Amino acid sequence: MNQRKNKECIAMLLAGGQGTRLGVLTRAVAKPAVPFGGKYRIIDFPLSNCINSGIDTVGVLTQYQPFELNQYIGNGQPWDLDRLSGGVYVLPPYMKGNAGEWYKGTANAIYQNIMFIDRFNPEYVLILSGDHIYKMDYDEMLDCHKKHNADCTIAVYDVPLEQASRFGIMNTNPDGSVYEFEEKPKHPKSTKASMGIYIFNWSVLRQYLIDDEANPDSENDFGKNIIPNMLRDGKVLWAHEFHGYWKDVGTVSSLWEANMDLLDDKSGINIGGDGGDKIYARNSAEPPQFIAASALVKHAIVSEGATVYGEVKDSIISHGAHVGMGARVIGSVVLPGAKIANGAEVYYSIIGENATIGAGAVVGAIQTAPVKGEWQIALVGPGAKVADGGKVKPAEMVE
Amino acid sequence: MNNVMGVIFASDYETKLNELTIHRTTASLPFCGRYRLIDFTLSNMVNSGITQIGIVTRSNYSSLMDHIRMGRDWDLNRKNSGISIFPPFVLNASREMYKGKIEALYSIQGFLSHNPEEYVLLTNSNVAMNIDFNKVYDAHIKNGADVTVLTHKACPTSSRRMVVSAQEDGRIKDIYITEKPEDETYDIGLNIYLIKKDLLIKIVEKQYSRGCFDWEKDVLTKQVHDLKLYQYKIDGYVAVVDDIKSFYNENIALLDNDKRNKLFYGEGVIYTKVKDSVPTVYMDNACVKNSLVADGCVIDGTVENSVLFRGVKVGKGAVIKNSIIMENGEVMENAEVCYAITDKDVTIRNGRTISGYETYPVVVAKGKTV
């Protein structure tokens, strides 16, 4: 392929994570393919951000349970990423000469795709991860990167001090340049958490990746190896502060919270995109939702193809889901195609894709506050069945 | 069915849709919350393997072009075959728009003869159903028919319906066009025909040269004994939209679960243009009963027995009953809408009341503010 024009900036999206903390939700799919917000999947957010920021070339690095994700991405058309030059590419690990290996770490995954990136010969490479819900203009971040002549710019998010020890923290000078990176510090000096979004000058990163690979003691990780090495060598690293909505949805509790934030005007998450920042998704081609005469739907989000005969409150009902007569769904997230049979009660739960909750079953319980920061969300896995009259306790997981 | 090509007549001048088709063709008439009428014909064709499709337009076809674009949403953006849209044409001699299907077909002879398919499926675009045209094709071959005429059982609720009567074996003995509405049930033609391409071209040339332009009146009714016309009955769900009343009734009829399942979960998937609307938000004062709601709505009022299209806003205290609110309609606080069809981008301001009757729904034209 002859690239007539080099790309200024291409994105590499790390989508290989197993997402073990999401339990049965990621048993058969990669975390970025987990459904979100009634009609989206997590990966829709970084992909839509890319196209809305003018980045038309995205490599998606996959290795864990890739089929559903691959099928979902397809040729990239839903995100307008089906391009003559560029577009979206799914990049699994592959054999090189006689050898081949899995992606060992975040940096190694990019290292293994140096040849892919070189084909576009970009000035900058944007590194993204596939497990956050946020809307961001990467172009602004790139402007910040260029303005400061940085070698690497890291997006940071101001977190509460008491939570800072759970994140990778950037310690910055007053001008915004980074002098130190601490991974999950016990005594954080700053509250600027790394969002796992980096812009590198490709020529600089390329050399660091090669050097890092040559070091047998390295964990081949951006946070643990590449960033500290660049700081040690006196490279210019800049922190780009992000002030919008951002949430890591790595746990069942945080995934539930992010869904609930959609119902809260004050949360600042606005997935509608009046200002050219729409979130795109692959469409499921279903008829409009049907709300029956027996239904009661308040403070809820419901998507196409859903049929509601029962009560739905403070909940997200995804496309093609069904809530039967006399059923109650309170404070819950019902994923695509799930069926809540007549008279079943679902409280503070996540019901997996195509799962069935039997008639009269009771799943989860109403909660007023999280326990040690974690909501006790009952989780029914994709395709799982809860028998008629069955009981699922809060925080219990059903396969 | 790589052997069949489709020709869709997007404007259907038999219809009486008044305000609703001032700005659009019948084909692009919004239907059931997120569709346009042509989606059903296109989806049925694609699901049956018909991918060579010509769409003949007559007037006001920009909404249709905007809806169909390259045909990607129906998987019709193909290297070979796909959608060809034929804008209205004016023949040099006549200086007026085509007068009937015969003249329209005469003008697209190139499209018909240059493509390899041997059969043509001719159809209007005012019918919503979910059928497999392969079965029609099989019956056509089995019967050795010249023309297969698709019919359904209904009362001719308006004039100019085509009544078909056939023998036991399906061979049509008589066809006539009704003059006035009747209460009795007949087999009524759906304006959908399967015919061998060579025969179609031959008929079109002959009729055109004699100044006969009406496919139904000049060909079918007159040549019922010369041509082997066979009936193909559609027994399942069929919605025919040809006036305001049928438009209203057929939309509201889809509140019925059984009908909806037949239309959307029958033979194949019904596709439409993807708009990436966010899911619908129900606020604290929402009270929605027996209604179809598309994505992108924000509802804080009461909605009963109604169909809301994409992006409709219902303010606090607003009441919508027995109505059809098209895309981006806004019913503001404490307004009331009853037995109404509001076209796209209509605003009903605070406290206003709009009311029609079940037998005569009031229509608010596109973009108007009440």
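This is a predicted model: local features need pLDDT of at least 70, side-chain atom pairs count only at pLDDT 80 or more; totals for chains, interfaces and linings use all residues.
Local features need pLDDT of at least 70, side-chain atom pairs count only at pLDDT 80 or more, and totals for chains, interfaces and linings use all residues. Residues are numbered from 1 along each chain as its sequence is written, chains are lettered from A in the order in which they are written, and side-chain values use heavy atoms, with hydrogens and water left out.

View 1. Domain 1 of chain B brings 19 residues to the contact and domain 2 of chain B brings 22, where contact means heavy atoms within 4.5 Å.

**View 2. The area buried between domain 1 and domain 2 of chain B.** About 1,700 Å² is buried here, and carbon and sulfur atoms give 70% of this. Buried area is the accessible area (1.4 Å probe) that two parts lose on being put together, summed over both. Look for B:G33, B:Y248 and B:L255: they supply 37% of what domain 1 of chain B buries against domain 2 of chain B, more than any other three residues.

**View 3. The salt bridge between B:D343 and B:R24.** The two side chains meet at 2.7 Å, N to O. The count of salt bridges between domain 1 and domain 2 of chain B is one; the term stands for a side-chain nitrogen of Lys or Arg within 4 Å of a carboxyl oxygen of Asp or Glu.
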